[in-house]
Amino acid sequence: MQPQDRRTALRSLLTALTLAGLHSTAIAGAGCCSHCRCQTRCRKVCRLVQEEKKITTSCWGMECEVFCVPGPSTPDCKHSEMLQPKTQDDKKICAQPRRLTWTSWIPGCSGNVLTKRKLMKKTITTKVPSFKWVVEDLCPQCTAKCETVTVPEATEIPPAPKVEGALVLAAQKVSDDELAAK
């Protein structure tokens with residue numbers, strides 16, 4: 001058998017095995033409860049679930065730095081120093097001493113004090129309650145155990161999905177006073 005024919009045969013075999021495994025998994029999951037995994041007669045249920053949603057917000061502000069504006073400076077005095085480029089260890093270097101002269105200056109003050117402002121950004125991440133509908137296969141025992149979600153009065157709930165024959169578990173609306181009491 002040619003190497004190319006072997007590869008083709010091996011690919012076909014792997015594809016067939018993968019499809020057979022997926023088919024058997026789909027059959028095993030059919031009619032089984034999403035919560036307890038029992039094999040009793042289950043029914044599709046649309047259930048409202050509360051989850052935490054992260055919202056990122058940017059806050060802008062200023063950082064202020066005060067500084068003094070210098071005025072014209074005036075010369076103070078002259079300094080002079082002899083530099084010796086040759087040391088005792090450098091016998092091969094031939095160099096002459098050199099005079100370095102500089103003037104020291106007295107800085108002036110104009111008396112102007114200014115403020116430099118720098119734009120600053122701070123990112124704040126907060127968690128807020130969010131609601132979504134989940135379609136699940138549940139047995140009658142797990143459907144009875146499902147708790148209703150308490151939703152604050154002003155909160156918008158997404159519309160329930162339209163699944164044929166599905167039972168919709170409603171949410172309980174609560175005022176802010178009742179929610180604070182809990």
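## Salt bridges between the strands

A salt bridge is here a side-chain nitrogen of Lys or Arg within 4 Å of a carboxyl oxygen of Asp or Glu. The model is predicted, so that local features need pLDDT of at least 70 and side-chain atom pairs count only at pLDDT 80 or more, while totals for chains, interfaces and linings use all residues. Residues are numbered from 1 along each chain as its sequence is written, and side-chain values use heavy atoms, with hydrogens and water left out.

The search of the whole structure returns 3 salt bridges. In one of them Lys132 pairs with Glu51, their closest N and O atoms being 3.6 Å apart; because Lys132 lies in strand 2 and Glu51 in strand 1, this pair ties together parts that are 81 residues apart in sequence. Strands are DSSP runs (E, at least two residues), numbered from the N terminus.

Asp137 forms a salt bridge with Lys44, with 3.3 Å between the closest N and O atoms; Asp137 belongs to strand 2 (residues 98-138) and Lys44 to strand 1, so parts 93 residues apart in sequence are tied together.

## A nonpolar surface patch

Leu83, Leu100 and Trp102 form a nonpolar patch on the surface, with about 260 Å² of accessible area together. Patches are made of residues with over 30% relative accessible area and no salt bridge, like charges being joined within 9 Å and nonpolar side chains (Val, Leu, Ile, Met, Phe, Trp, Tyr) within 5 Å; accessible areas come from the Shrake-Rupley method with a 1.4 Å probe, and for residues only the protein chains shown count as cover. Leu83 is placed in strand 1 (residues 43-83).

Note on methods:
Helices (H or I, at least four residues) and strands (E, at least two) are DSSP runs, numbered from the N terminus.
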